[in-house]
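Good morning, colleagues. I would ask you to look at the sequence and the structure together while I go through a few of the features.

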Amino acid sequence: MAFVKQWCLCVCISLVFAVIFSLFTPRGNMKSFYRILISFFVFISVLYPLKNIDLKAFNFDKNIIAESENNTAPYSDMINKKITETLESKGITGASVSSDVSIDYSTYEISIDSVKVAVSDGYDKNEVKKIIFDSLGINAEVRGIGD
């Protein structure tokens with residue numbers, strides 16, 4: 001917060017000086033030269049405080065993020081919904097889907113650990129597994145509802 005205050009103060013003071021200098025610029029051929037000079041001064045005054053910025057202060061600790069956002073339920077729900085929609089589009093209804101998802105915060109990757117699909121005995125388990133793999137690229141474990 002102190003950085004923002006310092007930066008705003010620097011910009012405001014520079015603008016005040018720029019207005020004062022522009023009042024004293026001569027009329028005539030040199031006017032455009034002084035305008036360019038004043039514009040350059042304002043531009044530098046906006047950028048100058050940025051040289052002191054510490055970018056490490058804006059980095060978040062990945063361990064804190066991992067601990068506070070270790071909720072994989074939304075991702076698991078999305079995968080379950082996508083598999084259910086895919087199966088229903090192929091005419092397979094009433095499937096029960098559960099998935100385990102893990103998140104690697106160091107590489108920002110979401111990986112699917114396991115997917116289990118339960119279908120009624122009227123459907124071919126190998127065909128259901130093939131549909132899921134061909135459509136989504138997920139190797140699911142398919143079993144009957146009673147299994």
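Let us begin with N80, which sits in helix α4, the helix covering residues 73-89. Please bear in mind that this is a predicted model. Is N80 buried or exposed? Its relative accessibility is 15%, so N80 counts as buried, the cut-off being under 20%. Which residues does N80 touch, once its neighbours within four places in sequence are set aside? They are V97, S98 and S99.

I turn next to charged side chains. Side chains of opposite charge can pair when their charged atoms come close. In this model the count comes to one salt bridge. It joins the side chains of K130 and D134, with 2.7 Å from N to O. Where do these two partners lie in the chain? Both belong to helix α5, residues 125-136, and because they are four residues apart there, about one helical turn separates them. As for accessibility, D134 is exposed, with a relative accessible area of 52%, whereas K130 is partly exposed at 47%.

My last topic is the nonpolar surface. A patch of about 1,000 Å² is formed by L9, I13, V16, F17, V19, I20, F21, L23, F24 and F41. Which helix gives the most to this patch? That is helix α1, residues 2-23, which supplies eight residues. One of the patch members, L9, is found in helix α1. L9 has a relative accessible area of 53% and is therefore exposed, since exposed means over 50%.

Thank you for your attention.

Methods:
Residues numbered from 1 in each chain as written. Predicted model: local features only at pLDDT ≥ 70, side-chain atom pairs only at ≥ 80, totals over all residues. Heavy atoms only, no water. Salt bridge = Lys/Arg side-chain N within 4 Å of Asp/Glu carboxyl O. Helix = DSSP H or I, 4+ residues; strand = E, 2+ residues; numbered from the N terminus. Buried < 20%, exposed > 50% of the residue type's maximum accessible area, 1.4 Å probe, protein only. Patch = residues over 30% accessible without salt bridge, like charges linked within 9 Å, V, L, I, M, F, W, Y side chains within 5 Å. Areas by Shrake-Rupley, 256 points an atom, 1.4 Å probe, with all protein chains shown as cover. Contact = heavy atoms within 4.5 Å.
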